[in-house]
Amino acid sequence: MRIWRFARRLSQILTTVAAASFCSLGVGEEPRAGESAAEVVPAPPAGKTDVLTMKTLGGRLFWGDVEFFRGWRIQQNVFSKHFRLLDEADHRHASGTLEECQARLAEIRKERNLPPMQGRGVILIHGITRSSKSMKALAKAIEAEGLTAIPFDYPSTQVPVPESAEYLHRVISSLEGLERIDFVVHSMGGLIVRSYLTAHDDPRLGRLTMLGVPNRGAEMADLLQRNFLFRAVLGPAGQQLVSHPEGLISSLPIPRLEFAVIAGARGTPDGWNPLIPGDDDGTVTVASTRLPGAADFLTVPALHTFMLSNPAAVEASVRFLTTGRLRADQPAQPIVAAEPEAAAATKP
């Protein structure tokens, strides 16, 4: 009896530690939820627009982008539903209704003689608990190719995945002038795109690079879905990361655009995390990333969080957008739809 109680207690401790690890993926970014209450403010009175230019106080987990233009973004607060206009340095230039923020952006465009957007844009979508700041290395590499990097923020821990996909839809609809739109996504960001494609489409969509996306569900979410810390920090979207056959992920469509998959791996049968089966990046298994229909597949020796700054992953991501291949000197390794599950779990 004592052994059984000890084993159960040890299991509870390990589960809690794992939950804390899963929920700390955003460490090292801007102020987190508890530090940003000052930015969650009531909407200004009707007919009045706050035009005070000031640095935001963080709180990105509580805002969703709805429009983008040359680094300028209009965001909506998930609680108060009011809007704010931010520049590239996260300085707020207006706060109020959507129409008021749009009017202020129109004034700025005229004052600064900003030309319409054109060419090719790449939307960067972060994972749960993170922000667009985590995609800086990718944004820099994309801009170096002459493409427009479009960082996308959404309230990942506050709303379900389909609701975040609606924020993405609004941003895509705002991208006037761009002739082509590609994506680079990390973790849950890939599920946001797949959810978007459930209800929407755009003829300008080109290619999609997925990094560490739990396309078949996250085994860590299966393990932790009933853990209080996991539920409290990751919110409703965290519950949708499970691999249940009747869950959200199982209902999402395979992307209609050309896409590639990059997985983090240790290169060993048991991977980095002993709590989940097979090779993994510490959070998502290699097998879970492998979505049939992918034009190419690649593993990199990186943990889940650090894939975004891994040179091989960044280089391969941009290469796929520009050439349709992840490797410069090797043929593509597509994931075919008829691939047996066993092969999916072991193929390098």
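Is R319 buried or exposed? I looked that up to get started, and R319 comes out buried, with a relative accessible area of 18%. I keep in mind that this is a predicted model.

**Entry 1: around R319**

I went on to the partner of R319. R319 forms a salt bridge with E315, and the closest N and O atoms are 2.7 Å apart. Both residues belong to helix 10, where they are four residues apart, about one turn of the helix. E315 is partly exposed, at a relative accessible area of 47%. The cut-off for buried is under 20%, so R319 with its 18% falls on the buried side.

**Entry 2: other salt bridges**

How many salt bridges does a search of the whole structure find? I got 15. I wrote down a few of them.

R104 and E111 meet through their side chains at 3.4 Å, N to O. R104 is partly exposed at 22% relative accessibility, while E111 is exposed at 55%.

R327 and D296 make another salt bridge, at 3.1 Å from N to O. Where do these two residues lie? R327 is in the loop between helix 10 (311–323) and helix 11 (341–346), and D296 is in strand 11, so the pair ties together parts that are 31 residues apart in sequence. Both R327 and D296 are buried.

I also noted a network of salt bridges that links R60, D65, R73, D90, K133 and D153.

What is the order of the strands in the open sheet? I read 7-6-8-9-10-11, six strands with parallel pairing. Strand 7 (148–152) and strand 11 (296–300) stand at the edges with a single partner strand each, so one side of each has no neighbour in the sheet. From one strand to the next, the twist averages 20°.

A reminder to myself: strands of a sheet pair through backbone hydrogen bonds, either parallel or antiparallel.

Next I followed strand 10 (residues 258–264) to its partners. With strand 11 it pairs in the parallel sense over five bridges. A260 stands opposite D296 of strand 11, which is the D296 that forms a salt bridge with R327. A263 has T299 in strand 11 as its bridge partner.

Strand 9 (residues 205–211) also pairs with strand 10 in the parallel sense, over five bridges. There, L211 stands opposite I262 of strand 10.

How many of the seven residues of strand 10 are buried? I found six, so I call strand 10 mostly covered, with under 20% as the cut-off for a buried residue.

**Entry 3: helices on the sheet**

Helix 3 (residues 136–144) lies across strand 6 (119–125), strand 7 and strand 8 (178–186), and runs at about 155° to strand 7. Helix 4 (residues 161–174) packs on the sheet and touches strand 6, strand 7 and strand 8. The direction of helix 4 makes about 150° with that of strand 7.

**Entry 4: aromatic rings**

How many aromatic pairs does a search of the whole structure find? I counted two. F62 and F79 form a tilted pair, 5.3 Å centre to centre with 50° between the planes. F62 lies in the loop between strand 1 (54–55) and strand 2 (63–69), and F79 in the loop between strand 3 (72–77) and strand 4 (83–86), so this pair ties together parts that are 17 residues apart in sequence. F62 counts as buried at 9% relative accessibility; F79 is partly exposed, with a relative accessible area of 48%.

Why is the pair of F152 and Y154 stacked? The ring centres are 5.6 Å apart and the planes stand at 15°; planes under 30 degrees apart count as stacked, so the pair gets that name. F152 is buried at 0% relative accessible area, and Y154 is buried at 1%.

**Entry 5: arginines over rings**

Last, I looked for charges over rings. R207 lies over the face of F320, 6.0 Å from the ring centre. R266 lies over the face of W272, at 5.1 Å from the ring centre.

How values were computed:
Residues numbered from 1 in each chain as written. Predicted model: local features only at pLDDT ≥ 70, side-chain atom pairs only at ≥ 80, totals over all residues. Heavy atoms only, no water. Phe/Tyr/Trp six-rings, centres within 6.5 Å; stacked < 30°, edge-to-face > 60°. Buried < 20%, exposed > 50% of the residue type's maximum accessible area, 1.4 Å probe, protein only. Lys NZ or Arg CZ within 6 Å of the ring centre and 35° of its normal. Pairing = 2+ DSSP bridges. Axes fitted to C-alpha atoms, helices over the stretch in contact; angles between N-to-C directions. Contact = heavy atoms within 4.5 Å. Salt bridge = Lys/Arg side-chain N within 4 Å of Asp/Glu carboxyl O.
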